[in-house]
Amino acid sequence: MSSAMIETTYREAVREAIRDALRRDPRVFLMGEDVGRYGGCYAVTKGLWDEFGPERIRDAPLSESGFTGAGIGAALGGMRPIVEIMTVNFSLLALDQIVNNAATLRHMSGGQVSVPLVIRMATGAGKQLAAQHSHSLENWYVAIPGIKVVAPATLEDARGMLWSALEDPDPVVIFEHVMLYNRSGPLAADAGPVPLAGAAIRRPGSDISLISYGGSLYKTLDAAEALAREGIEAEVIDLRSLRPLDDATLMASVARTHRALIVDEGWRTGSLAGEISARIMEQAFWDLDAPVGRVCTAEVPIPYPKHLEDAALPQVPTIVAAARAILGRE
Amino acid sequence: MISLYRMPSLGADMEAGTLIEWVLQPGQTFAKGDVIAVVETQKGAIEVEVFHDGVMGRQLIEVGQTVPVGTPLAELEAAMVTPPDQRTGVQSGGLTEVLSESLPADMTASAIGVTEAAPPLAPSPQAPFPKLSTPVAPSSGESPPRSAPLIPPSPSMPEAVDPRASPAARRLAQQRGLSLDGLVGTGPGGAIVLADVRSAAVALASGTPQAAPRAPAPSPTVPPLATPAASATAGRRPAHPGLDLAAMRQAIAAAMAHAKREIPHYYLSQDVDLTPASDWLAQRNAELPPERRLLMGVLFIKAVALTLKGFPELNGFDREGRFEPSAAIHVGCATAIRGGGLVAPAIHDTDHLDLDTLMAKLRDLVARVRSGGLRASELADPTITVSSLGERGVDRLYGIIYPPQVAIVGFGTPRPAPWVLEDRVVPRQVVTVTLAADHRHSDGHRGALFLAQVAQRLHEPENL
Amino acid sequence: MNDHTGPSASPATAHERRDESRQDRQPAAAKLHLNRDHALRLLREMLRIRRFEERCAELYTEEKIRGFLHLYIGEEAIAVGVMQCLTAEDAVVTTYREHGHALARGLPMTSLMAEMYGKQEGCSRGRGGSMHLFDLARRFYGGSAIVAGLLPLAVGLALADKLQGRNRVTACFFGEGAAAEGEFHESLNLAALWQLPVLFVCENNLYAMGTALERSQSETHIHRKAQSYQIAAETLDGMDVLAVEIAARQAVAAIRAGEGPRFLECQTYRFRAHSMFDAQLYRDKAEVEAWKKKGPLLRFGHWLEEAGLLDVAGRAQMEAEIEAELAAAVAFAEAGTWESVADLLKDVYTGEP
């Protein structure tokens, strides 16, 4: 490792990525609710308003559809906007713009226009924010051709994916899990852009492939650690890009381990985990030595009390138990 | 000049309409844009208009009648100008269509082809879809019917007719020629998993008596390696679903390394004048439809099979240094797999098959190599291998013996070459045949005789 | 020139409002430089739209054109009047009833008709059809099937211009039905808040599909909604092409002067059904007939005749020229080709597949 390492947080890594993008390209600006003077709902943009001013750190009124659509229009007009939607649940108010405009304009216009727009939003549960602020709706966006969806889970990805997303000519949605913002660790001082596409093997193993992304990645790694103590070597895959999915890495892993378990904070019905499971069945059926398993969130609106919220979400013990069952070691 | 006014299409979801009023009566004149009738649709009554000036002619439909879109409703007489013919495509004449006045009155919509109009705005369900490929369908031939797509064992399945086994376990058993019957499953719910097949295979290889007998015969219960449905999905290995190329490459590596290390090969080669066989084949194929024509390779295989009858030391197996001749002659035909890999499945009792049957079996075999439907016995039974690079342009190939076999015969690409015939150099079609054989069980002299006899048989193709 | 400034009385109660904003109207000719060429150009542009759409209706019944077909017939004065005031640098954002805007913006009739057919020679490669006309070279950013869906886009295009210091205008057309959507209000607020160069043009034809204005809006004066966002707004006779052009010239000049967005509420009426498959159960025939008498072509054509600017022969020649253009457009579309199915996935993403 040639470069010095610095101790930083996910939040700071995202902020540094935004700062870097604003410095690199005058066409870049950030727009969203309370991103400016307030400093961001999750304090991601704290300090940037002072540094870059209100034109480039643009506070928008509570008009998710309006300012997301304005971001699309500005992208068409030659800018490179970063639209921040406070949380994924608010993004439902902008769904029309994302699904009907951002995703369609290129194909519908016969390839005349691209929409180089980046939309960042916080996602996920775990902070006792109750039913309307705890969704993981990544799968809704994953279902839409025309947009790309990424979920940085590591500091390197939080720091590096934004610029790559801005360089992409098509709309990219970045999901930042709320439980990751405070995560800290070492990051190379000169960390820079990383590719958007491609899954990463975060822990190699030979007995079962544990497939996860975003906020669930660390629970999954902890589960792999617990399984290792029982002599089960789990391979942990971080999807990174949710659309497109990196089928090759997934299938190569399943070909080695012959077993797969998907950990996804979305609700099970119609989930991303279901999509991945179907792909494994389609592409790696003959490699399978056991049925594909899923650990998803219980199908309830996320409750407020801590013990019920915990019970609803994927947790290390449930992941471990599901992996054991697949291996026939109940 | 008379034209037909047809039930207009007012929406993609409108299939028919009911005439509820004739606004204009025969003889009345109308102008472009005038309403001439009212039609009831599922969205209510809609006034329908004409797009040209004219005079109302005979009304073909009565009030109250429901007719499909496109059905003639009335005859219109053009005013002054001749309505353009919409079929020329240059200028549309609206819903009207020019008819000669002599047309019979009972002319129907279908008789004048009105239903053919809609352009293919969307691909039909049958239209080929980009990026998806359908695997080569196995030729029907004499191959047994393919089994139904394999359904993976469900954890909740109470009782399975077949042994419950994971897909990976089934595939490995298939590759090793093992039957799942009698294997004890240690997986979830007692399912047979990879580990069970692996231990059975190890037991078999070490000669330990085991509950897993070698599949005695082509077993119709053994599933094909893949089904068309499974392989139609765009996947990692679309060309040969179910074949684990990485595993196959490992197996080839192990076998070839073993052969090169353990088997003392000797190599011989013989040029053969193939002109008689080429001429004979051309003449024969000229009379046959394409699907029944013979390939030169079939003659090669048959010549080798017949010749082997006199050379038992080349047809059989090495069993730990001891030669075990085979009474039957099962020629293994080396077949490349697209994307890498090689198999040499057997054509059983090759010497007893006439050329047509042999050709059919070869076609079937190649198709099943591509689609993944080989039977275990086909992989386990070859008593010798024939490898031919066909048209791929090398003069000769020296094979490596596939253990436990003891010989491999190679055919180069037939080519025109100078040939000395009765003291004259003449151009002839020539092929080079090679033999690689196990010196522990045969000698060069016998090998040379073998090649000479193969050459002789190719000189008399009519006897093959 | 007083006889063309508006219908005397509207048959619909919703239009019984002549607003204070009309009082400061300046003499039209002074602003317009209305000479014979320009007057004939206005008529010709409106006539091109009318004849194009009449032919589209016909082709629709023959199943040459499919999908939804929303005709602009009756409303031509608005698109034609506004487009006179825009430069090639300005942007246009419209709705699903946008054939008129596209023609008036200068998209060739050939590529429009090919698009109606779904042929790849169409302005959107045949992918969009009637509701999704695009022409980047003419900064025509399409029609949208989502009511009010493109208003935020117009705001964004204007924001980009402002941020990059370009003095350009984005003209945004929509119907009065859009005023019930949240995106309408969000967009007006953003444009006013950020003082963006957007010309909002509301084509108030009194019906959102089949729902009459007074049945869907508590405030039926749409421009007052804009005024509540501190946007200078006025209502005007959208059946009068000169009135539209005058108002649009003033509005565009103000926008170019950096005065922020402007809003025009154009009173108009569609003579035909909402789309082809519409029994029009929601309005009286008498109402339609009354409005037709005030049709933009009828009245302006009549005025040109009376003013001695266009005689019968001249009109016939104009019609013949348009008919020839139309015939060429239909022939072009007929001769057009279908995009290969192999290209189905092309341009879902840039550079793929």
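A: For what follows, an axis is a line fitted to C-alpha atoms, for helices over the stretch in contact, and an angle runs from 0 to 180 degrees between N-to-C directions. The model is predicted. In it, the axes of helix α3 (residues 64-76) of chain A and helix α7 (residues 182-193) of chain C come within 8 Å and cross at roughly 65°. Because angles of 65 to 115 degrees count as roughly perpendicular, α3(A) is roughly perpendicular to α7(C). The crossing of α3(A) with α7(C) is right-handed. On the chain A side, S65(A), G66(A), F67(A), G69(A) and A70(A) of α3(A) take part, and they meet G182(C), E183(C), E186(C), S187(C) and L190(C) of α7(C). Sorted by class, this contact has three nonpolar, five polar and two charged residues.

Turning to the sheet, chain A has an open one of five strands in the order β9-β11-β10-β13-β14, with mixed pairing. The edges are formed by β9 (200-203) and β14 (293-297) of chain A, each of which has a single partner strand, so one side of each is left without a neighbour in the sheet. From one strand to the next, the twist averages 25°. Strand β13 (residues 260-267) of chain A runs parallel to β14(A) and is joined to β14(A) by four bridges, and W267(A) stands opposite T297(A) in β14(A). Helix α11 (residues 272-284) of chain A lies across β10 (208-212), β13 and β14 of chain A, at about 155° to β13(A). Helix α13 (residues 316-326) of chain A also packs on the sheet, where α13 touches β10, β11 (234-238), β13 and β14 of chain A and makes about 160° with the direction of β14(A).

Key. Residues are numbered from 1 along each chain as its sequence is written. Chains are lettered from A and ligands numbered from 1 in the order in which they are written. This is a predicted model: local features need pLDDT of at least 70, side-chain atom pairs count only at pLDDT 80 or more; totals for chains, interfaces and linings use all residues. Helices (H or I, at least four residues) and strands (E, at least two) are DSSP runs, numbered from the N terminus. Angles under 35 degrees count as roughly parallel, over 145 as roughly antiparallel, 65 to 115 as roughly perpendicular and the rest as oblique. A crossing is left-handed if the near helix is turned anticlockwise from the far one by less than a right angle, and right-handed if clockwise. Two residues are in contact if their C-beta atoms, placed from the backbone, lie within 7 Å. Ala, Val, Leu, Ile, Met, Phe, Trp, Tyr, Cys and Pro count as nonpolar, Asp, Glu, Lys and Arg as charged, and the others, Gly among them, as polar. Two strands pair if DSSP finds at least two bridges between them.
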